[in-house]
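This report is for a reader new to the structure shown below.

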Amino acid sequence: MSGSSLTRTALLLASLCLPGSAALAAPVSPFTAMAGTWSGGGVLRTTDGQQEQLRCRATYNVAGTGEQLRLNLTCASESYKFDLASEVEYRGGAISGSWSEASRNASGTISGRAVGDQVQAAARGDNFSANLSLTTRGGRQTVSIQPQGTNVTAVSLALNRR
């Protein structure tokens, strides 16, 4: 091995061993950026093509070093109200936990992945399932919920940190 290639190899190995190396760094929890109180609104769409404006408020309590999240989300429109609570853990890119919805006495599990500022998850219960997408950038958050098996086909929210 030539001197220059030996030097490059040594530098590569040294960089991989540094504590701040991206190759060895644990994923940063996306929950940290969510902490606090949020409010805003959005749109709820139904199977008959109707849509209603929603007003929402959310509280994210983050514990530990950002691996644990407790969410309370309340949204209401003219005809609908939902009061969602969840407890979720983040471990190496995976999220898992439980959820409950008070007004419909529904509950279940939630699982998915979190990468950077985005969370993709699936909520499952005995009488309800939905796919969720959440993006947090600074003081703005977008949430998309696609329920299955209900007369609600989609919920889109835009929340701002208070």
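## Largest pocket

In this predicted model, the largest pocket holds about 830 Å³ of space. Its lining consists of 40 residues, and those nearest the centre are Leu84, Phe128, Ala130, Leu132 and Ile145. Strands E3 (68–76), E4 (81–91), E5 (94–101), E6 (106–115), E7 (118–125), E8 (129–137), E9 (140–148) and E10 (152–161) each give two or more residues to this lining.

Sorted by class, the residues lining the largest pocket are 28 nonpolar, nine polar and three charged.

## Strands and barrel

A barrel is closed by 10 strands in the order E1-E2-E3-E4-E5-E6-E7-E8-E9-E10, with antiparallel pairing. From one strand to the next, the twist averages 20°.

Between E9 and E10, the antiparallel pairing runs over six bridges. Ser144 has Ser156 in E10 as its bridge partner.

## Aromatic pairs

The structure contains three aromatic pairs. One of them joins Trp38 and Tyr60 edge-to-face, at 6.4 Å centre to centre and with 90° between the planes. Trp38 belongs to strand E1 (residues 36–46) and Tyr60 to strand E2 (residues 51–63), so this pair links parts of the chain 22 residues apart. Both Trp38 and Tyr60 are buried.

Trp99 and Phe128 also form an edge-to-face pair, because their ring centres are 5.6 Å apart and their planes stand at 70°, where edge-to-face requires over 60 degrees. Trp99 lies in strand E5 and Phe128 in the loop between E7 and E8, 29 residues apart. Trp99 counts as buried because its relative accessibility is 6%, whereas Phe128, at 26% relative accessible area, is partly exposed.

Methods:
Residues are numbered from 1 along each chain as its sequence is written. This is a predicted model: local features need pLDDT of at least 70, side-chain atom pairs count only at pLDDT 80 or more; totals for chains, interfaces and linings use all residues. Side-chain values use heavy atoms; hydrogens and water are left out. On a 1 Å grid over the protein atoms alone, a cavity is a set of points where a 1.4 Å probe fits but cannot get out, and a pocket is an open set with protein on both sides within 12 Å along at least five of seven lines; lining residues have an atom within 4 Å of a point. Grid points are joined across faces, edges and corners, and a volume is the space filled by probe spheres set on the points. Helices (H or I, at least four residues) and strands (E, at least two) are DSSP runs, numbered from the N terminus. Ala, Val, Leu, Ile, Met, Phe, Trp, Tyr, Cys and Pro count as nonpolar, Asp, Glu, Lys and Arg as charged, and the others, Gly among them, as polar. Two strands pair if DSSP finds at least two bridges between them. Axes are lines fitted to C-alpha atoms, for helices over the stretch in contact, and angles run from 0 to 180 degrees between N-to-C directions. Rings of Phe, Tyr and Trp (its six-membered ring) pair if their centres lie within 6.5 Å; planes under 30 degrees apart count as stacked, over 60 as edge-to-face and the rest as tilted. Buried means under 20% relative accessible area, exposed over 50%, partly exposed in between (1.4 Å probe, protein chains only).
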